[in-house]
Amino acid sequence: MIFFELFYVFFFIGIFTIGGGYAMISLIQNQVVNVHQWISSEAFTDIIAISQMTPGPIGINSATYIGYSIAQQMGYGEAMCVLGSMTATTAVVLPSFLITYWICRLYLKLKDNPIFSGVLKSLKPLVIGLMGAAVLTLITPGSFIDKWSWMLFGAALIVGLCTRLSPIWIIVLSGVAGYFIYG
């Protein structure tokens, strides 16, 4: 049955993809276009375009759309097409969910262990250093940051620190201000 095959293929993709949704695209294309020949290359390109336009991660969006499309091409009705979407989506998300779940359980089990706590404390400077490197990369000459970006950043920081305004509203207001500044 196609649903088991869909689950297997997308679970496999979910396990072996490191780097997010865009890293999944080539694996998904290889499996659904080349290996299984479920959809054409042109249809895959359309699916990726639609997946980029819809909210959410592109890997999950494309899995959802592909699951639906494949069930539809097999002649299934609407309910089974939705099941195809759910199957592919669940399968691509499940490996990450399981890994995160087991890491959380391991953390809860080891959080009071002095060796584990020491390792985590020693990683804090590394994380700060990586974040600092990212900041330095963005503020180097030729980057996209200009005086208006700095002013927006400063205003958002001050509003965030001095008020109880939700971070979502700060982002929305910054976007509106950016629209008026940059057109």
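This is a predicted model: local features need pLDDT of at least 70, side-chain atom pairs count only at pLDDT 80 or more; totals for chains, interfaces and linings use all residues.
## Confidence

The score here is pLDDT, the predictor's confidence in each residue, from 0 to 100. Across the protein it averages 90, and 96% of the residues score at least 70. Helices are DSSP runs of H or I with at least four residues, numbered from the N terminus.

Some ground rules: residues are numbered from 1 along each chain as its sequence is written. Local features need pLDDT of at least 70, side-chain atom pairs count only at 80 or more, totals for chains, interfaces and linings use all residues, and side-chain values use heavy atoms, leaving out hydrogens and water.

## How α2 sits against α4

α2 (21-35) packs on helix α4 (residues 58-73) at about 25°, with the axes 8 Å apart. Axes are lines fitted to C-alpha atoms over the stretch in contact, and angles run from 0 to 180 degrees between N-to-C directions. That makes the two helices roughly parallel (under 35 degrees).

On the α2 side, G21, Y22, M24, I25, I28 and V32 meet I58, G59, S62 and I66 of α4, where contact means heavy atoms within 4.5 Å. These residues split into 7 nonpolar, 3 polar and no charged; Gly counts as polar here, while Val, Ile, Met and Tyr are among the nonpolar ones.

## Two positive phi values

Q37 isn't a glycine, yet its phi is positive, about 50°. You'll find Q37 in the loop between α2 and α3 (41-53), exposed at 63% relative accessible area (exposed is over 50%, with a 1.4 Å probe and protein chains only).

Methods:
Buried means under 20% relative accessible area, exposed over 50%, partly exposed in between (1.4 Å probe, protein chains only). Angles under 35 degrees count as roughly parallel, over 145 as roughly antiparallel, 65 to 115 as roughly perpendicular and the rest as oblique.
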